[in-house]
Amino acid sequence: MGTIYDGKVTRITKFGAFVALPGGKSGMVHISEIANTYVEDIKQFLTEGQEVKVKLIAIDEQGRINLSIKKALPEKRPERPQRPRQAVPAPVRSTLQKTGDLSFEDKLKHFMQASESIISVCFNSSLLKYGGDVAVGAMTILTSVMQFAMLPLQGLGQGAQPILSYNYGAKNVDRVRGTFRLLLKVSVGYAVILWLCVELFPQIFVSMFTSDAALLAFGKTALRVYMAAMFMFGIQIACQMGFTSLGCAPESIIVAVMRKFVLLIPLIYIVPHIWSADRTMGVYLAEPIADFFAVTFTMILFSNRFKKALKKIEK
């Protein structure tokens, strides 16, 4: 017992495989002894005529030889115990995880999260330099208001995305064009209304996050500057969702990189030197300037790609 032989598979049945052994003898490998994993179809693991190593595990009273392939496999050496690793915070772990198995939407989400962290560091370092703790505290409020404002826009875009994708796949040009136009109108309408509210009543939005008098007074002006181009965001979100719906993944990434890395980060450091009258407000002003040029770039790129995509399905 326990001897390992070189054999050849001669016949395969539903319950096992027969293997010819040296000396003219033959034994059977039961389906449960073929692999270390669950085996539903033996032919997925073995073929007739295949040479295999088998281990003799039993000979019954009638002289029938029972063999095992999985027990003839070389034993794995026990792994050396590793020193415990320091726990990685969840946000960092999610950013560093492998993205090969993720969908494009998930990859874009992780990219956007990572980029927001970098931009936050750039903003806070510049604001601390020119405006101190009050300016940094106000920035926290401004980003919170911006995130609040963006949620309905993202919801509109995500709701329209499956409709755009389905009709694009069905080559229904009129429905694709009509859906995008409706998304654009609703998104721009919402963005304009919210922009007017922020510009006319900024104290209402700032007071949701603080009751400090100094921060309220400073935050009102800062919010108006920071969200000065908010009315254009309906176009940006509609076009980005349009890119994703039409399968234009590279363009969606290009648009995000253009706004955040090509425009916004350099402007955070450049504008305060130009707007020397109030360098702190110059830092906040980098946001609407970047938004204006980013939305303009997105409109031009999307218009070109959208026309080409529709011509492609019209053929």
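**Burial, contacts and helices in a predicted model**

Colleague: Why is Asp-291 called buried?

Modeller: The relative accessibility of Asp-291 is 2%. Buried means under 20% relative accessible area, exposed over 50%, and partly exposed in between, with a 1.4 Å probe and protein chains only. Asp-291 therefore counts as buried. The model is predicted, with local features needing pLDDT of at least 70 and side-chain atom pairs pLDDT 80 or more, while totals for chains, interfaces and linings use all residues. Residues are numbered from 1 along each chain as its sequence is written, and side-chain values use heavy atoms, leaving out hydrogens and water.

Colleague: Where is Asp-291 found, and how many helices and strands does the protein have?

Modeller: Asp-291 belongs to helix α9, residues 279-314. The protein has nine helices and five strands, and along the sequence they follow the pattern β-β-β-β-β-α-α-α-α-α-α-α-α-α. Helices (H or I, at least four residues) and strands (E, at least two) are DSSP runs, numbered from the N terminus.

Colleague: What joins the side chains of Asp-291 and Arg-259?

Modeller: A polar contact of 2.8 Å joins them. The term stands for a pair of N or O atoms within 3.5 Å; within protein, one must be able to donate a hydrogen and the other to accept it, and residues adjacent in sequence count only if both atoms are side-chain atoms. The side chains of Glu-287 and Arg-259 are also joined by a polar contact, of 2.5 Å. Glu-287 lies in helix α9, and at 2% relative accessibility Glu-287 counts as buried.

Colleague: Which residues does Asp-291 touch, and with which is Glu-287 in contact?

Modeller: Contact means heavy atoms within 4.5 Å. Not counting residues up to four places away in sequence, Asp-291 touches Ala-229, Phe-233 and Arg-259. With neighbours within four places likewise left aside, Glu-287 is in contact with Phe-123, Met-146, Tyr-226, Arg-259 and Leu-264.

Colleague: Why is the ring pair of Phe-180 and Phe-306 called tilted?

Modeller: A search of the whole structure finds eight aromatic pairs. In this one, the ring centres are 5.2 Å apart and the planes stand at 40°, so the pair is tilted. Rings of Phe, Tyr and Trp (its six-membered ring) pair if their centres lie within 6.5 Å; planes under 30 degrees apart count as stacked, over 60 as edge-to-face and the rest as tilted. Phe-180 and Phe-306 are both buried, and together with Phe-243 and Phe-302 they form one aromatic cluster.

Colleague: How do you know that the length of α4 agrees with its number of residues?

Modeller: The expected span of a helix is 1.5 Å times one less than its number of residues. The 28 residues of α4 should therefore span 40 Å, and the end C-alpha atoms are 41 Å apart, which agrees. Among the buried residues of α4 are Val-176, Thr-179, Phe-180 and Leu-183. An α-helix has 3.6 residues a turn, so residues three or four places apart point the same way. The buried residues of α4 are covered by elements including α3 (132-169), α5 (202-207), α6 (213-226), α7 (233-245) and α9.

Colleague: What makes a set of residues a nonpolar core, and how many residues has the largest one?

Modeller: A nonpolar core is a set of buried Ala, Val, Leu, Ile, Met, Phe, Trp, Tyr and Cys residues joined through side-chain atoms within 4.5 Å. The largest has 40 residues, and those with the most contacts inside it include Phe-123, Leu-223 and Tyr-284. Helix α3 gives the most to this core, with 10 residues. A second, separate core of 19 residues includes Cys-239, Phe-243, Val-255 and Phe-306. Of the 315 residues of the protein, 38% count as buried.
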